[in-house]
Amino acid sequence: MYEDFGEILINGGNRGLGLGFVKQLLSQAPQKIFATYRSAETAKELQELATNNPRVLIPILADSTCEEDVSNVAKMVSQETNKLDLVINCVGYLHNAEHGPEKSLRQINANQLLESAKVNALPTLLLAKYFQKLLKHDQPSVFSAISARVGSIEDNRMGGWYSYRGSKAMLNMMISNIAIEFHRTNPNTKVLALHPGTVNTRLSEPFSKNLAPEKLFSIDYSVNCLLDVIKNTEKKPRGGFYAWDGEEIAW
């Protein structure tokens, strides 16, 4: 049913998992891939891919935490197509140069907490709001976002990482809310939160040095696994939260 996605939006398609999805989906001969990026400095490889695939890959400069930008992206995409088969939000935030993940309450910083919620939860809501119509059609479609196992409240055993855990838990709640509404308004749209595992990206680099090699995934491996999950998991009225290996994770 989900073997081929003709028209695709990848939010944050300029690096990491987002760029990995662009590359892998390009190899599957889609009709269109719309890929957003926030900064031209970080989108050189994406732009090169677009130059080599001018009729298929369309990069769009946008800040997906800005509602006006997301609205404008939706208008641009609507000028090119009347439907989308797949939306993947790959934008995420874990740390910056001043603040890493909090190991205790003493390290809580209000600005860090708010920035985490803004980047990790808000874009998915805005994408659902402005792309709901394009996902609503007679064929199956998928709305998905990259989450993290640490956002599972039931799975929380170690505590810490307050901002990241909390913002990913918020994202998961938004995903489930979106799924409930889409179950009424977009009955053919499957809604998913996806845990990619620990992937060798800029985001996870400071925290993966002591991992066993088999527990640190390449971008290509994680992307291929997640595409299998996107294609093969069943649609659920409250949405689904899945790991790269197909394991269902408790919200």
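This is a predicted model: local features need pLDDT of at least 70, side-chain atom pairs count only at pLDDT 80 or more; totals for chains, interfaces and linings use all residues.
**View 1. Helix H1 packs against helix H7.** Welcome to the meeting of two helices, H1 (residues 16–26) and H7 (residues 219–232). Their axes lie 9 Å apart and form an angle of about 65°, which means that H1 is roughly perpendicular to H7. The crossing of H1 past H7 is right-handed. On the H1 side, the contact is made by Gly16, Leu17, Gly20, Phe21, Gln24 and Leu25. H7 contributes Ile219, Ser222, Val223, Asn224, Leu226 and Leu227. Sorted by class, this contact of H1 with H7 has 7 nonpolar and 5 polar residues, with no charged ones.

**View 2. Asparagine 11 sits in strand S1.** Here we zoom in on one residue of S1, a strand that covers residues 7–11. Asparagine 11 counts as buried because its relative accessibility is 2%, and the cut-off for buried is under 20%. Its side chain is joined to the side chain of serine 64 by a polar contact of 3.0 Å. Leaving aside residues up to four places away in sequence, asparagine 11 touches Thr36, Ser64, Ile88, Asn89, Cys90, Val91, Pro123 and Leu127.

**View 3. Asparagine 52 belongs to helix H2.** Our last stop is in H2, a helix made up of residues 44–52. With a relative accessible area of 54%, asparagine 52 is exposed, since exposed means over 50%. For a sense of scale, look also for methionine 76: asparagine 52 and methionine 76 are 24 residues apart in sequence, and their C-alpha atoms are 21 Å apart in space.

Conventions:
Residues are numbered from 1 along each chain as its sequence is written. Side-chain values use heavy atoms; hydrogens and water are left out. Axes are lines fitted to C-alpha atoms, for helices over the stretch in contact, and angles run from 0 to 180 degrees between N-to-C directions. Helices (H or I, at least four residues) and strands (E, at least two) are DSSP runs, numbered from the N terminus. Angles under 35 degrees count as roughly parallel, over 145 as roughly antiparallel, 65 to 115 as roughly perpendicular and the rest as oblique. A crossing is left-handed if the near helix is turned anticlockwise from the far one by less than a right angle, and right-handed if clockwise. Contact means heavy atoms within 4.5 Å. Ala, Val, Leu, Ile, Met, Phe, Trp, Tyr, Cys and Pro count as nonpolar, Asp, Glu, Lys and Arg as charged, and the others, Gly among them, as polar. Buried means under 20% relative accessible area, exposed over 50%, partly exposed in between (1.4 Å probe, protein chains only). A polar contact is a pair of N or O atoms within 3.5 Å; within protein, one must be able to donate a hydrogen and the other to accept it, and residues adjacent in sequence count only if both atoms are side-chain atoms.
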